[in-house]
Amino acid sequence: MEWENQTILLEFFLKGLSGYPRLELLIFVLILIMYVVILLSSGTLILISILDAHLHTPMHFLLGNLSFLDICFTTTTIPYVLESLLSEGKTISFSGCAVQMFLGLAMRTTECVLPGMMTFDWYSICNPLRYPVVMSKNSFVPMAAVSWFAGVINSAVQTTFVVQLTFCQNVINHFSCEILAVMKMACADISDNEFIMLVTTTLFALMLLLLIVISYSLIISSILKIHTSEGRHEAFSTCSAHLTVVIIFYGTILVMYMKPKSKQTLNSDDLDATDQFISMFYGVVTPMMNPLICSLRNKDVKEAVKHLLRRKVFNK
């Protein structure tokens, strides 16, 4: 009978870079350093945005959400990845894998939607007279809520479809339970999963990237109207830094989730290492760059950090 020939998988083995122990040690050190930087920089931004009344603005509220999201995004996978890189038994239960897959995809989707929402703030700054009306509390709080809600719904749908698949093996060729890596183990038809992934990637990554590029085009046209060269240079510097982070994040996601997925590609090990490093890049490098480029280069944030440090010194 077909039911008797099926095996119920209770746990998965995360292959990662098992065959390269020296490379595993190097990856462990790099990821650990970047994770500490993420926690310190994002945590600092959240702390000062709460303590400093001057940062109680829509922009810093959304940046604080982005920093909190970066901490959540990396914490869903990095601690487990670090542990697995140093241990021999790199196993994870089926339920643990499902939870990790759900949380990772939810954070990733929210990370795609939130910068799209933030473009409204960035562009509204170009119209100072309308800014208090456009970016009122009734606007920016729902923007953040919608970003988180979209992430949870998208992840719930895709994770539900994946956990219902029949799996032919229990070896995940990845550092963590990344949804594409888990799908590769399925022996059932995954065309529905691929279609849902294509639609959501188009909606949450490609369309939002186009929205951000259009918004930046409008912002740049406003910058060109600035009379002083110093003001134009500072504005261009900030915009180019923001845009670089955005393109890197969305670009890596589009490469991962919108490339052709023939049956041979899904079952091939040739691109697995590349996929792992791409996943690691947008899962660790981009969250590390977000607070350093998007927030800590901001004059108001710098002043808030200096003020907080001076207050601590004087209190001692």
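Ser 155 touches Met 101, Phe 102, Leu 105 and Ala 106 when residues up to four places away in sequence are set aside, a contact being defined as heavy atoms within 4.5 Å. This is a predicted model, in which local features need pLDDT of at least 70 and side-chain atom pairs count only at pLDDT 80 or more, while totals for chains, interfaces and linings use all residues. Residues are numbered from 1 along each chain as its sequence is written, and side-chain values use heavy atoms, with hydrogens and water left out.

Ser 155 is found in helix α7, and with a relative accessible area of 0% Ser 155 is buried; here buried means under 20% relative accessible area, exposed over 50%, and partly exposed in between, with a 1.4 Å probe and protein chains only.

### The chain as a whole

The secondary structure of the protein chain comes to 13 helices and three strands, where helices (H or I, at least four residues) and strands (E, at least two) are DSSP runs numbered from the N terminus. Of the 316 residues of the protein chain, 47% count as buried. The protein chain exposes about 16,500 Å², of which carbon and sulfur atoms supply 68%; accessible areas come from the Shrake-Rupley method with a 1.4 Å probe, and for residues only the protein chains shown count as cover. Among contacts in the protein chain with a separation of 6 or more, 80% are between residues 24 or more positions apart.

### The sheet

The three strands form an open sheet in the order β2-β1-β3, with mixed pairing, two strands being paired if DSSP finds at least two bridges between them. The edge strands, each pairing on one side only, are β2 (91-93) and β3 (171-172). Strand β1 (residues 11-14) runs parallel to β3 and is joined to β3 by two bridges, whereas β1 and β2 pair in the antiparallel sense over three bridges. Phe 12 stands opposite Ile 92 in β2, and the bridge partner of Leu 14 in β3 is Ile 172. Phe 12 and Leu 14 make up the covered face of β1, while Glu 11 and Phe 13 make up the uncovered one.

### Cavities

On a 1 Å grid over the protein atoms alone, a cavity is a set of points where a 1.4 Å probe fits but cannot get out, and lining residues have an atom within 4 Å of a point. Grid points are joined across faces, edges and corners, and a volume is the space filled by probe spheres set on the points. By this rule there are eight cavities of 30 Å³ or more.

The largest cavity has a volume of about 260 Å³. Of the 23 residues that line the largest cavity, Thr 77, His 174, Ser 176, Ser 279 and Gly 283 are the closest to its centre. At least two residues of this lining come from each of α3 (58-75), α4 (78-86), α5 (94-124) and α12 (272-295).

The second largest cavity holds about 140 Å³ of space. Of the 14 residues that line the second largest cavity, Leu 105, Thr 109, Asn 154, Thr 201 and Ile 253 lie nearest its centre. The elements that give two or more residues to the lining of the second largest cavity are α5, α7 (137-163), α9 (191-223) and α10 (229-258).

Met 258 has its place in helix α10, and Met 258 counts as partly exposed because its relative accessibility is 29%. Leaving out residues up to four places away in sequence, Met 258 touches Leu 198, Thr 201, Thr 202, Leu 206 and Ile 253. From C-alpha to C-alpha, Met 258 and Glu 194 are 9.5 Å apart in space, although they are 64 residues apart in sequence.

Met 118 is found in helix α5, and Met 118 is buried, with a relative accessible area of 2%. Apart from its neighbours within four places in sequence, Met 118 is in contact with Leu 62, Leu 63 and Leu 66. Met 118 and Leu 66 are 52 residues apart in sequence, and their C-alpha atoms are 9.7 Å apart in space.

Terms used. On a 1 Å grid over the protein atoms alone, a cavity is a set of points where a 1.4 Å probe fits but cannot get out, and a pocket is an open set with protein on both sides within 12 Å along at least five of seven lines; lining residues have an atom within 4 Å of a point.
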